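Subject: Handover of a structure and its findings

Dear colleague,

I am handing over to you the structure shown below, together with an account of what was found in it. Please read the account with the structure open beside you.

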Amino acid sequence: MADPGFAPAKVNLTLHVTGRRDDGYHLLDSLVVFADVGDLLDTFPSDRPTLRVSGPMAVGVPVDDSNLVLRAAQAMGIDAVGFHLEKHLPAAAGIGGGSSDAAAALRLLAETTGAPLPGDRGLSLGADVPVCLAARPARMSGIGEQVDPLPSLPPFGMVLANPRVSVPTGAVFGALSSRDNAPMPARLPDWADARAFARWLGEQRNDMEGPARGIAPAIGVTLSRLGATDGCLLARMSGSGATCFALYETLTEAQAAADSLTKLHPDWWIAAAAPYSADAG
Ligand SMILES: C[C@@](CO)(OP(=O)(O)O)[C@H](O)COP(=O)(O)OP(=O)(O)OC[C@H]1O[C@@H](n2ccc(N)nc2=O)[C@H](O)[C@@H]1O
Ligand SMILES: Nc1ncnc2c1ncn2[C@@H]1O[C@H](COP(=O)(O)OP(=O)(O)O)[C@@H](O)[C@H]1O
């Protein structure tokens, strides 16, 4: 059984911005996978909402009501609960750290109290929360409310790399030069292996990459460093950045690439990962 308190990193392998609603939210078409690196959330008895944050990425994470973990408990109408969040993912990094934490809080509270999940599957907490609640490979569309699980993907390894620059999502959406771009093909192929998968992904886009690179030029450096690692099949930015990912045929190759990149950039956040799915094992 998957651990409901595990909050895996979300990776947008593609991110097409296909329009904008009247309320300003953007319509997306994104292939989303999860990585087996992430934050760890646990609950403890408390007579009031309480949050303790620890771990290598805890600095700067809010511990007040603005933390998405406490907002998730509020959305389920639960006050008397304490949370311990062990933070491993960088914040404001395009890998949905806060959204995945919120989703883990919803899963844990549903499991421990029997309370129903919110009807909107957490959308009002953040556009990425419904896909993080599913925590399995999916095609995400609408503003994030439409989550269609994908059939099985070929095996691959990933490296996630963040140059330690935080990029606010709203600023990148605001800097888009074009908001009406083509979606992915309606029918997704059945990829034979990691190479075929990466080749197809290479024909798709992350429409936020250009504006994010304008805001944070370190993203361009990250992409070229990833692209130069042995065995890299594809290097691209996730979400609104600044985290970028590279795909490899195997986890062993990804691990070697992460090790060589860490030697070049010991100050970056770098992780090798395998794909994660809540419905596996
Ligand atoms: C861009 C994406 C792609 O997966 O990922 P991240 O870069 O955040 O990881 C998500 O859509 C981000 O989801 P999330 O971070 O939950 O967004 P929210 O908190 O709801 O909104 C943050 C800001 O982005 C804008 N926003 C968000 C989602 C969307 N479909 N259109 C938008 O215009 C909102 O207007 C808001 O100013
Ligand atoms: N549990 C949380 N972990 C990290 N950041 C959080 C959390 N809850 C709220 N935040 C706030 O949300 C902002 C966006 O964080 P995050 O969800 O990690 O980024 P992104 O939207 O790029 O995926 C942070 O700058 C932080 O102030």
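This is a predicted model: local features need pLDDT of at least 70, side-chain atom pairs count only at pLDDT 80 or more; totals for chains, interfaces and linings use all residues.

Ligand 1

I begin with the surroundings of ligand 1. The shell around this ligand holds 22 residues, and those that come nearest are Lys10, His26, Ala127, Asp128 and Ser240.

Which side chain has an N or O atom 2.7 Å from an oxygen atom of ligand 1? The side chain is that of His26. Asn12 also takes part through its side chain, with a polar atom lying 3.1 Å from an oxygen atom of ligand 1. Ala127 contributes through its backbone instead: a polar atom there is 2.9 Å from an oxygen atom of the ligand. As for exposure, ligand 1 taken alone exposes 690 Å², and 81% of that area is buried by the protein.

The space that ligand 1 takes is the largest pocket. Of the elements, α4 supplies the largest share, with 3 residues. Both domains take part as well, since at least three residues of the shell are drawn from domain 1 (6-147) and at least three from domain 2 (151-280).

Ligand 2

Ligand 2 also sits in the largest pocket. It is surrounded by 18 residues, of which Lys87, Gly94, Gly96, Gly98 and Asp101 are the closest.

Where are the polar contacts of this ligand? Asp101 places a polar side-chain atom 2.9 Å from a nitrogen atom of ligand 2. The backbone of Leu68 has a polar atom 3.0 Å from a nitrogen atom of the ligand. At Gly97, a polar backbone atom is 3.5 Å from an oxygen atom of ligand 2. Taken alone, ligand 2 exposes 550 Å², and the protein buries 77% of that.

Helix α2 (residues 97-113) gives the largest share of the shell around ligand 2, with 4 residues. The shell divides into 8 nonpolar, 8 polar and 2 charged residues.

The backbone

Two places in the backbone deserve a separate note. Most residues other than glycine have a negative phi, and most peptide bonds are trans. Against that background, Gly241 and Ala242 are joined by a cis peptide bond, with omega at about 5 degrees. Ala242 belongs to the loop between β9 (234-237) and β10 (244-248).

The other place is Arg121, which is not a glycine and yet has a positive phi of about 50 degrees. Arg121 is located in the loop that runs between α2 and α3 (129-134).

With kind regards

Definitions and conventions. Residues are numbered from 1 along each chain as its sequence is written. Chains are lettered from A and ligands numbered from 1 in the order in which they are written. Side-chain values use heavy atoms; hydrogens and water are left out. A residue is near a molecule or strand if one of its heavy atoms lies within 4 Å of it. A polar contact is a pair of N or O atoms within 3.5 Å; within protein, one must be able to donate a hydrogen and the other to accept it, and residues adjacent in sequence count only if both atoms are side-chain atoms. Accessible areas come from the Shrake-Rupley method with a 1.4 Å probe; for residues, only the protein chains shown count as cover. On a 1 Å grid over the protein atoms alone, a cavity is a set of points where a 1.4 Å probe fits but cannot get out, and a pocket is an open set with protein on both sides within 12 Å along at least five of seven lines; lining residues have an atom within 4 Å of a point. A molecule sits in a cavity or pocket if more than half of its atoms lie within 2 Å of its grid points. Helices (H or I, at least four residues) and strands (E, at least two) are DSSP runs, numbered from the N terminus. Domain bounds come from an automatic or database domain assignment. Ala, Val, Leu, Ile, Met, Phe, Trp, Tyr, Cys and Pro count as nonpolar, Asp, Glu, Lys and Arg as charged, and the others, Gly among them, as polar.
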